[in-house]
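The structure goes here before the notes.

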Amino acid sequence: MRHLTILILSILTIQLSHSQINELGIFLGGSNFIGDVGATDYISPNQLAIGGVYKWNRSKRHSYRASLIFSELEGIDVNSDDPRRIQRGYEFSSKIMEVSAGMEFTFMDFNLHSGEKVATPYLYTGISIAHHDNHYFLNGQQTSENNSSWAYGIPMALGFKSNFLGRLILAVEVGARLTFSDELDGSIPDDASHMPYRFGNINNNDWYVFSGITLTYTFGENPCYCVN
């Protein structure tokens with residue numbers, strides 16, 4: 001019986017030593033669009049982006065992550081370096097709501113159980129889906145199609161994070177989204193009857209970028225490394 005008790009306690013100890021720490025917090029930053037309308041700068045936030053983020057730290061080197069971010073994508077041709085776009089003079093704005101889920105990998109151990117301040121660069125990728133209103137350009141003006149679509153994409157983010165103050169973790173990151181859609185800027189209308197108004201490079205899909213910070217609070221059961 002004594003040996004069985006020790007075995008059970010050992011199993012519980014191993015399980016607790018791998019207890020998960022949860023993170024819940026906010027994302028605050030900016031967004032910029034890369035497509036057939038506006039500037040093509042890779043990192044040039046021009047609209048507010050705000051949302052929430054949740055992480056489940058599976059180990060010291062990776063976490064499962066989900067986020068919900070709201071922003072407005074904007075493209076203005078006269079802000080481009082391309083003389084043809086400047087002469088064309090198109091501009092658009094479109095509100096989006098993005099849901100993203102995936103995995104975050106750290107370059108170094110990020111041990112939240114050590115009680116010490118730790119910091120590391122990290123990568124994040126997964127899948128995203130962004131809800132947006134559809135529009136097209138009629139006589140050079142953004143015109144609503146009175147419907148909406150979902151744009152699937154692949155998020156690719158690079159950041160740096162640190163548990164700088166107790167249970168608070170601050171991260172700075174830049175994350176590009178490669179979408180499987182060319183409709184976000186209206187260059188490819190969603191309505192087939194508006195297809196004569198399409199323009200731009202039909203071989204390149206739309207991108208958008210979120211740049212900003214996350215501030216999360218950690219909670220959950222801390223591990224126990226010994227058997228009493």
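I began with strand E6 (residues 141-165) and strand E7 (residues 168-179), which pair in the antiparallel sense over 11 bridges. Two strands count as paired if DSSP finds at least two bridges between them. Strands (E, at least two residues) are DSSP runs, numbered from the N terminus.

The model is predicted: local features need pLDDT of at least 70, side-chain atom pairs count only at pLDDT 80 or more, and totals for chains, interfaces and linings use all residues. Residues are numbered from 1 along each chain as its sequence is written, and side-chain values use heavy atoms, with hydrogens and water left out.

Next I took strand E5 (residues 119-138), which runs antiparallel to E6 and is joined to E6 by 17 bridges. Phe 137 is bridged to Gln 142 in E6. E5 and E6 also form a hairpin with two residues between them, and Asn 139 in the turn has a positive phi of about 55°.

Last, I turned to Asn 32, which lies in strand E1 (residues 21-34). Is Asn 32 buried or exposed? Its relative accessible area is 2%, so Asn 32 is buried (under 20% relative accessible area, 1.4 Å probe, protein chains only). I found the side chain of Asn 32 reaching the backbone oxygen of Asp 41 at 3.2 Å. Asn 32 touches (heavy atoms within 4.5 Å) residues including Tyr 42, Pro 45, Tyr 208 and Val 209, leaving aside residues up to four places away in sequence.

Terms used: Helix = DSSP H or I, 4+ residues; strand = E, 2+ residues; numbered from the N terminus. Buried < 20%, exposed > 50% of the residue type's maximum accessible area, 1.4 Å probe, protein only. Polar contact = N/O pair within 3.5 Å; in protein donor to acceptor, adjacent residues only side chain to side chain.
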